[in-house]
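Please examine the sequence and the structure shown below. The paragraphs that follow lead from individual residues to the chain as a whole.

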Amino acid sequence: MTDTDIQPFTISVPESELSDLKTRLSLARFPDEIEGAEWDYGAPLADVKRLTGHWKDKYDWRAAESKLNALPQYTTEIRCDGFPETLRIHFIHSKSSRKNAIPLLFVHGWPGSFIEATKIWKDLSCPSTGTSTSGGGTAGGVSDDEDDAPAFHFVAPSLPNYGFSDGVKAKGFGISQYAETCHKLMLRLGYGEYVTQGGDWGYYITRAMSLLYPEHCKATHVNMDQGNAPGWTSHPFLALQHAVTPYTDADKKGMARTKWFTEQGSGYRALQSTKPQTLGYAVADSPVALLAWIYEKLHDWTDSYPWTEDEVCTWVSIYWFSTAGPAANMRIYYEATHAWGDSSSKVTRQGLVGYIGGGVKLGLSHSPKELRVLPSSWTRTQGDVVFERTHDGGGHFFAWEKPRHLIEDVRDMFSRKGGGAYGVVKGLDGYD
């Protein structure tokens, strides 16, 4: 591939779309509400009305757009095997000036986007000053003398159907195709070996990359708990540990959090996994429906994170103005749970939870307000766990809520001796 296959990108939402959004917000009809409902029934009426008013009258998308355009953004075209359409993929790429910098792919999930990378990319690519060389390898950035911390060549795509990447029109674009897209993006950028970081769908996609491309994806770090109680045949040591070690208070709180999510917080998943098209009419036509649908998760899935009105509006606006439209992002839930073609070769969510790694090193970060909070003896059944850290704060959107925690975990796992994945990328010695 030549350099012309990677094009600089600038977000530029047409004025007509901004006008249309304000018109729709001004015509919003709100439901009534049961007295004292608070968050038990979903996003409270007062909150949604307040945010709708702010989005319509006070929020400045152009200011947010300008801030987002300070990111080193690019697009390139990628086609997955067996699919006729070529997708234009949007991504952040910050190439560090450090000669031993490690290629790192950051993968978002739902209802997140590339915006989750905005709090971590500078410190990971050029840690001492927060400035970086971006894109296709232009000289500059931080010199070796100025920077004594671990550094990464940082890549964060908008997944297909999300943000400013193209949408998919064909059936069957599942986890393996999302993984293929991300893998081909890293190869396009010249990174034959790399490491990954992900949560939510980023967990499943980066795990799939470990399964499908173990010669390229050398290690992965995840910030979402998965796993099952260890079995005596498959994990005898962990099973013994599990049998003789009582659950701690933190474990018990984590199990309660997991139970809450399964019973009270996962209705969205049932809808998006079965009838995403029907739900799509609501979120594509009504910005208030989209706002309420996403805002509920921003509230419930975080650890009392103090969302500002502008933060919420920017987060939701990226969905509203997305290239594929506000509904396309939900289809991954359907494709990941339905079989097309040869089902025996399909990469599934459950299969990835049970996948034990194939030699690709795995790192785990635990947060108390993740959607599933599981005992370590469960999460370590996922493979060759070489790094593990438990935090006393944080939730599902870890890179947004606790960026410093994630930055340090990634540095400690991949780039510092004793971190477990030190030196996994050939030719890179890592850092002391």
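Tyr-333 is located in helix H13, which spans residues 331-335; helices here are DSSP runs of H or I with at least four residues, strands are runs of E with at least two, and both are numbered from the N terminus. With a relative accessibility of 2%, Tyr-333 counts as buried, a term that denotes under 20% relative accessible area, whereas exposed denotes over 50% and partly exposed the range in between (1.4 Å probe, protein chains only). The model is a predicted one, in which local features need pLDDT of at least 70 and side-chain atom pairs count only at pLDDT 80 or more, while totals for chains, interfaces and linings use all residues. Residues are numbered from 1 along each chain as its sequence is written, and side-chain values use heavy atoms, with hydrogens and water left out.

According to the unreviewed UniProt entry, the feature "active site" covers Asp-200, Tyr-333 and His-396. UniProt positions are given in the numbering used here, feature names are shortened, and such annotations may be inferred rather than shown by experiment.

His-396, another of the annotated residues, sits in the loop between strand E10 (385-390) and helix H16 (398-401). Its relative accessible area is 4%, so His-396 is buried. The side chains of His-396 and Asp-200 are joined by a polar contact of 2.7 Å. A polar contact is a pair of N or O atoms within 3.5 Å; within protein, one atom must be able to donate a hydrogen and the other to accept it, and residues adjacent in sequence count only if both atoms are side-chain atoms. When residues up to four places away in sequence are not counted, the residues that His-396 touches include Trp-110, Asp-200, Asn-223, Trp-301 and Lys-369; contact here means heavy atoms within 4.5 Å.

Asn-223, one of the residues touched by His-396, occupies the loop between strand E8 (217-222) and helix H7 (236-244). A relative accessible area of 5% makes Asn-223 buried. Its side chain forms a polar contact of 2.7 Å with the side chain of Gln-197. Beyond residues up to four places away in sequence, Asn-223 touches Gln-197, Gly-198, Gly-199, Ser-365, Glu-370, His-396 and Phe-398.

A further histidine, His-183, belongs to helix H5 (residues 175-188). Because its relative accessibility is 5%, His-183 counts as buried. Apart from residues up to four places away in sequence, His-183 touches Tyr-194, Met-209, Tyr-213 and His-216. The C-alpha atoms of His-183 and Cys-217 are 8.3 Å apart in space, with the two residues 34 apart in sequence.

Attention now turns to charged pairs. Side chains of opposite charge can pair when their charged atoms come close. The whole structure contains 21 salt bridges, each defined as a side-chain nitrogen of Lys or Arg within 4 Å of a carboxyl oxygen of Asp or Glu. One of them links Arg-50 with Glu-309, whose closest N and O atoms are 3.0 Å apart. Since Arg-50 lies in helix H2 (residues 45-57) and Glu-309 in helix H12 (residues 309-320), this pair ties together parts that are 259 residues apart in sequence. Arg-50 is partly exposed, at 37% relative accessible area, and Glu-309 counts as partly exposed at 26%.

In another salt bridge, Glu-65 pairs with Arg-62, the closest N and O atoms being 2.9 Å apart. These residues are three apart in helix H3 (residues 61-68), so about one helical turn separates them. Glu-65 counts as buried at 7% relative accessibility, whereas Arg-62 is partly exposed at 31%.

Asp-412 and Arg-416 form a salt bridge with closest N and O atoms 2.5 Å apart. Asp-412 counts as buried at 17% relative accessibility, while Arg-416 counts as partly exposed at 24%. Both belong to a network of salt bridges that links Asp-123, Arg-389, Arg-404, Glu-408, Asp-409, Arg-411, Asp-412 and Arg-416.

Finally, consider the chain as a whole. It has 17 helices and 10 strands, and buried residues make up 56% of its 432 residues. Among contacts between residues at least 6 apart in sequence, 76% join residues at least 24 apart. The chain exposes about 18300 Å², of which carbon and sulfur atoms supply 51%; accessible areas come from the Shrake-Rupley method with a 1.4 Å probe, and for residues only the protein chains shown count as cover.
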